[in-house]
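Have the structure open and follow along.

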Amino acid sequence: MQKLILAVVLAAFGMSASAQILNAQAYPTRTVTMNVPFAAGGPTDTIARVVAQRMSTSLGQSIIIENVTGADGTIGVGRVARAAPDGYLLSIGQWSTHVLNGAAYALPYDLLKDFEPVALLSTNPLVIVTYKGVPATNLKELIDWLKANPERAAMGVGSMAHRVSGVYFQNLTGTRFTLVPYRGAAPAMQDMMAGQIQLMFDQAATSLPLVRAGSTRPYAVTAATRLAAAPDLPTVDEAGLPGFHIAVWTALWAPRATPKPIIDRLNAAVVEAVADPAVRKRLTEELGQDIPTPAQQTPEALYAYQKAEIEKWWPLIKSANIRPE
């Protein structure tokens, strides 16, 4: 009898495994949802929509964007961590959601263990911008103005990336200003243009269009080299704040235990999407993104990069006692 029960269990397990393999091979058979843990219109949302539209062509199914905001992106990311590992709910996140938040929040999920990496999409530095009414005309003058007006200026914080960069900047320059929390970069930027807050350190994806339109005042990019999309903008090294280098990268993950054939299918769709000339032009020329090399686009490369970033930034966040507000 025990042998019979064992045989039935093994047969059932074999049928279940076979069904999972067949389902993975047929993937996707319906609409895929891509969770963006920030407000619509922000940089992560913008990049997601550009890439998802092209991925849907490769996958043969529509990809819809789902914006679930709150708690620096932890709510949206947590939703994907709890999702079925079938490839129909994905997490598009970045440096703050999948690295920085782990050091500042007591997360109910593990950033490395509870997700399957799919691919690195793009990377770019921040752009230091202010409300046009701020009197400083260059970065040195901005630092001097902030020092002369401690706690009178306010910086918009739509993610942990903003918070960490703001605290890092204050520590390096000896300035003090208020960090004002928002549900995403887009509403923070809107308030800055209206003069409700004075400055932001934001991704080029949302900063550059406003800079080109003359809606904000730019000072520098947080990189050692100038942006190809904005060659007239100096680097922080050139502008007088050497070493203030911050790169915000965007990537795609699936829930833990998502079958490898599904991960491979999604990875291939990402690689094909960012290789498309029209997509590359939007990402690089319009949004100021850098496209990773093919070697950097594998799931294994994303895992190694994410792990290295955690090892780099967590000690800094914890030593500075950076906490969400």
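Which residues does Leu 139 touch, not counting residues up to four places away in sequence? In this predicted model, Leu 139 touches Ile 128, Phe 169, Tyr 219, Ala 220, Val 236, Ala 239 and Leu 241.

**Nonpolar cores**
- The largest nonpolar core has 50 residues, and those touching the most other members are Trp 95, Leu 100, Leu 139, Phe 169, Phe 244 and Trp 313.
- Helix H6 (residues 160-173) gives this core its largest share, 6 residues.
- Another core, of 35 residues, lies apart from it and includes Ala 119, Leu 121, Val 270 and Val 274.

**Helix packing**
- Helix H2 (residues 43-59) packs with helix H11 (residues 277-286) at an angle of about 175°, their axes 10 Å apart, which means that H2 is roughly antiparallel to H11.
- From H2, Ile 47, Val 50, Val 51 and Arg 54 meet Val 279, Arg 282 and Leu 283 of H11.
- By class, this contact of H2 with H11 has 5 nonpolar, 2 charged and no polar residues.

**Aromatic rings**
- There are 11 aromatic pairs in the structure.
- Tyr 168 and Trp 313 make an edge-to-face pair, because their ring centres are 6.1 Å apart and their planes are at 85°.
- Tyr 168 is in helix H6 and Trp 313 in helix H12 (residues 299-319), so this pair ties together parts that are 145 residues apart in sequence.
- Trp 249 and Tyr 305 form a tilted pair, with ring centres 5.1 Å apart and planes at 40°.
- Trp 249 is buried at 0% relative accessibility, whereas Tyr 305 is partly exposed at 28%.
- One aromatic cluster is formed by Trp 95, Tyr 168, Phe 169, Phe 177, Phe 201, Phe 244 and Trp 313.

Technical notes: Residues numbered from 1 in each chain as written. Predicted model: local features only at pLDDT ≥ 70, side-chain atom pairs only at ≥ 80, totals over all residues. Heavy atoms only, no water. Core = buried A, V, L, I, M, F, W, Y, C linked by side-chain atoms within 4.5 Å. Buried < 20%, exposed > 50% of the residue type's maximum accessible area, 1.4 Å probe, protein only. Helix = DSSP H or I, 4+ residues; strand = E, 2+ residues; numbered from the N terminus. Contact = heavy atoms within 4.5 Å. Axes fitted to C-alpha atoms, helices over the stretch in contact; angles between N-to-C directions. Parallel < 35°, antiparallel > 145°, perpendicular 65-115°, else oblique. Nonpolar A, V, L, I, M, F, W, Y, C, P; charged D, E, K, R; others polar. Phe/Tyr/Trp six-rings, centres within 6.5 Å; stacked < 30°, edge-to-face > 60°.
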